Amino acid sequence: MKILISDAFDPSLPGRLASFGEAFDDKSRLAEAEVVLIRSKTKVTREYLQDAPNLKLVIRGGVGLDNVDRAACKEKGVEVRNTPQASSVAVAELVLTLMLSAVNRVVDAHNSMGEGKWLKKELKRTELMGKTLGLVGVGRIGTEVALRAKAFGMKITGYDPYLQHHDTVELRDSLGAVLADADYLSLHTPLTDETAGMINRETISRMKNGVIIVNTARGKLVSEEDMAGALKEGKVRALATDVWYSDPPDPGSPLLTAPNVLMTPHIGASTKENLLRIGDVIVEILSGWEKK
């Protein structure tokens with residue numbers, strides 16, 4: 001078996017794959033590969049598949065599959081798998097990190113200290129306890145976020161059209177019902193034709209004044225222009241985002257210069273533990289696939 005490791009994984013992965021055949025990271029050898037391992041950077045398009053005549057299996061280390069043309073893979077008989085269970089904790093912990101950093105003014109406090117300032121009275125904090133967290137999407141990651149937010153004493157509501165019941169989250173029957181109540185809004189839905197740009201001027205207008213929005217899902221769920229406007233107006237108190245329209249974002253993105261934006265470079269799944277878990281799942285997938 002020839003396995004192309006196309007994106008960044010834990011350094012131990014090539015050694016763990018040795019028992020399955022040859023694992024390599026030379027992308028010029030795509031035509032030889034029977035298995036391709038990707039994360040977010042590699043896009044498995046119809047054109048990509050044309051250059052991979054021997055490809056039989058694509059494994060996406062992570063949750064979403066929007067960088068894989070699944071229809072084209074199906075036409076060519078290429079199986080597509082992912083590792084959704086591996087990344088949930090890593091992303092959930094980043095969500096809480098961003099929420100806590102935003103309301104505790106951590107970045108402002110750190111930067112001001114480096115500038116020789118002492119803004120003890122100026123930097124006002126607020127608490128998570130007693131606030132309502134609205135989840136858009138209550139799958140694996142949303143559930144892990146809810147469990148952690150509950151420990152902070154938050155009330156947790158959510159909207160997910162695929163769920164009728166949840167042990168931790170008070171499900172609402174519409175997105176609007178979640179938007180209206182949320183002090184914090186966290187996005188955990190895939191990017192589809194229906195969800196693209198779902199956070200826009202109209203939906204923001206239905207939110208509380210001063211809402212804090214966290215996006216660790218997909219950048220294109222949010223209209224950048226509308227969000228930048230809402231931040232300038234103060235309708236949205238803060239946006240904490242780990243995801244962008246592209247990696248890295250276009251230098252002209254209005255979010256890069258909008259006020260009260262807490263930014264990270266798509267690091268939600270990049271914990272050491274998560275990369276090891278992804279490796280575990282890849283080995284499990286290949287073990288089962290090899291026996292077919």
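Modeller: Before we start, contact here means heavy atoms within 4.5 Å. Keep in mind, too, that this is a predicted model.

Colleague: Thanks! Which helix lies across E6, E9, E10, E11 and E12?

Modeller: Look for a helix that reaches strand E6 (132–136), strand E9 (184–187) and strand E10 (211–215), along with E11 and E12. Its direction is at about 145° to E10. The helix spans residues 84–103, and its label is H4.

Colleague: At about what angle to E11 does helix H9 run?

Modeller: Helix H9 covers residues 224–233 and lies across E10, E11 and E12. Relative to E11, the angle is about 135°.

Colleague: Which strands are the edge strands of the open sheet with 7 strands?

Modeller: Follow the order E8-E7-E6-E9-E10-E11-E12, where the pairing is parallel. An edge strand here pairs on one side only. That picks out strand E8 (170–171) and strand E12 (261–263).

Colleague: What is the bridge partner of Leu-239 in E12?

Modeller: Strand E11 (residues 236–241) runs parallel to E12, and 3 bridges join them. In E12, the partner of Leu-239 is Val-261.

Colleague: Now strand E3: what is the bridge partner of Val-36 in E4?

Modeller: Val-36 and Ile-38 point one way from E3 (residues 35–38), Val-35 and Leu-37 the other, and all are buried. In E4, the partner of Val-36 is Val-58.

Key:
Residues numbered from 1 in each chain as written. Predicted model: local features only at pLDDT ≥ 70, side-chain atom pairs only at ≥ 80, totals over all residues. Heavy atoms only, no water. Pairing = 2+ DSSP bridges. Helix = DSSP H or I, 4+ residues; strand = E, 2+ residues; numbered from the N terminus. Axes fitted to C-alpha atoms, helices over the stretch in contact; angles between N-to-C directions. Buried < 20%, exposed > 50% of the residue type's maximum accessible area, 1.4 Å probe, protein only.
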